[in-house]
Amino acid sequence: METSNGEYPNSSAANRPITPQRAQFRRLAESADIGTVTRAQLAVLAQSLTCTGLINGTESHLLVALINTVPAESFDRSGRPIVFKSNQQLAFEIGRSVGRVSRMLSSLFDAGLITMQDSGNYKRYPIPNGDGKITDGCGIDLRILIVRYAELDELVRQVRAQKKAADAALRRYRGALRNARYALSAARLSEDCLSRIGARIDRVSNIVGIAGKASSRVLRRATDLLEWLIERTMQLPRRSAVAQETQNITCPYVESGMHKQITTPHPFDESNQERRSARAVCF
C-alpha cells in the first residue's frame, strides 16, 4: 500500500532502522551553526565528494538535488535545511527508481551526509511555530553537512593533492623509463655492460608493472633507480665526487662565516669615511 506522498509502509525503506551510528549523526546535526555555510558551497562540496570514495556519482547527483531543493534562505541563521519531498518525486527528478532512491538515502545516512526523521505514517512534512517559521519536521535533514563541511572540504583537498602528487610521480617515472632506454641505445659501452644495464631497466619496469596502478612510493623509488642507471650508462661521475668537487671550489681563506658589509649605508655621500674594508677576500 502506497501512502499519499509516495512512501511504502511495508518496505524496508520505510522501516529504516536507527543504528547507534545514525543516532550519533542525528545528535551531531543538532549542533549545526546554521548560517556559516551557503547552499552553493554545499552543492560544490557534494559534487566533489565522489573523488574521496565516500559516495558514487549517482549518490552525489541525489545529494546535489536534495541541496538544491531547499531554498537558499533556509541556510541562513533563522532557516532550517530540511527536504520534505517524497522518494517518488526525488526518483522522478534524478531519473532513478523509488527503490533505488530509498537505498541511496540509506547510504547517505550511513555516510553521515544526511540525517532522516520518519513520521508515524511515513510522510514528510514541516512543523512550523506560531509565527509560521519551520522549527522542526519529518524529512531529510541537511544540517549535518553544515557541521561536517570543514572536515569534508579538507578531505577533498587532501585527496586532490595526493592525486596531483601521484600524477607527477607517474609522469616522472615514464619520462625516466623513456630516457633510460634512449640512453641505452645511444651509449658507447661494451655489449656485456649494455646487456646488464638493459636487464636492470627491464627488471625495474617489471617490478612496477602497470604504472598507472602503482603507488607513488614505488614510482618514486623506481624513478631514482632509473636515473641512477642513466648516469651509469652515460658514464657520468658519481654524485659524491661531484659534491666533493663543488666543495673544493669554495674559498678556504674566509675569515669567518659571517657576511661582512663592504658597501656604505650612505651610497649617495661623497665621502668614503663610512666604508668598511673586507679583509675576507679570496685570491
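1. Angles between axes under 35 degrees count as roughly parallel, over 145 as roughly antiparallel, 65 to 115 as roughly perpendicular and the rest as oblique. Axes are lines fitted to C-alpha atoms, for helices over the stretch in contact, and angles run from 0 to 180 degrees between N-to-C directions.

2. This is a predicted model, where local features need pLDDT of at least 70 and side-chain atom pairs count only at pLDDT 80 or more, while totals for chains, interfaces and linings use all residues. Residues are numbered from 1 along each chain as its sequence is written, and side-chain values use heavy atoms, without hydrogens and water.

3. Helix α3 (residues 57–69) packs on helix α4 (residues 87–94) at about 115°, with the axes 10 Å apart. The two helices are therefore roughly perpendicular. Helices (H or I, at least four residues) and strands (E, at least two) are DSSP runs, numbered from the N terminus.

4. Which residues of α3 meet α4? They are H61, L62, A65, L66 and T69; their partners are L90, E93 and I94. The contact (heavy atoms within 4.5 Å) divides into 5 nonpolar, 2 polar and 1 charged residues.

5. An open sheet holds 3 strands, ordered β1-β5-β2, with antiparallel pairing. β1 (82–83) and β2 (115–116) are the edge strands, each pairing on one side only. Pairing requires at least two DSSP bridges between two strands. β1 and β5 (residues 140–141) pair over 2 bridges. V83 has I140 in β5 as its bridge partner.

6. S48 lies in helix α2 (residues 39–48). Its relative accessibility is 11%, so S48 counts as buried (under 20%; exposed is over 50%, partly exposed in between; 1.4 Å probe, protein chains only). Leaving aside residues up to four places away in sequence, S48 touches V156 and R160.

Definitions and conventions:
Ala, Val, Leu, Ile, Met, Phe, Trp, Tyr, Cys and Pro count as nonpolar, Asp, Glu, Lys and Arg as charged, and the others, Gly among them, as polar.
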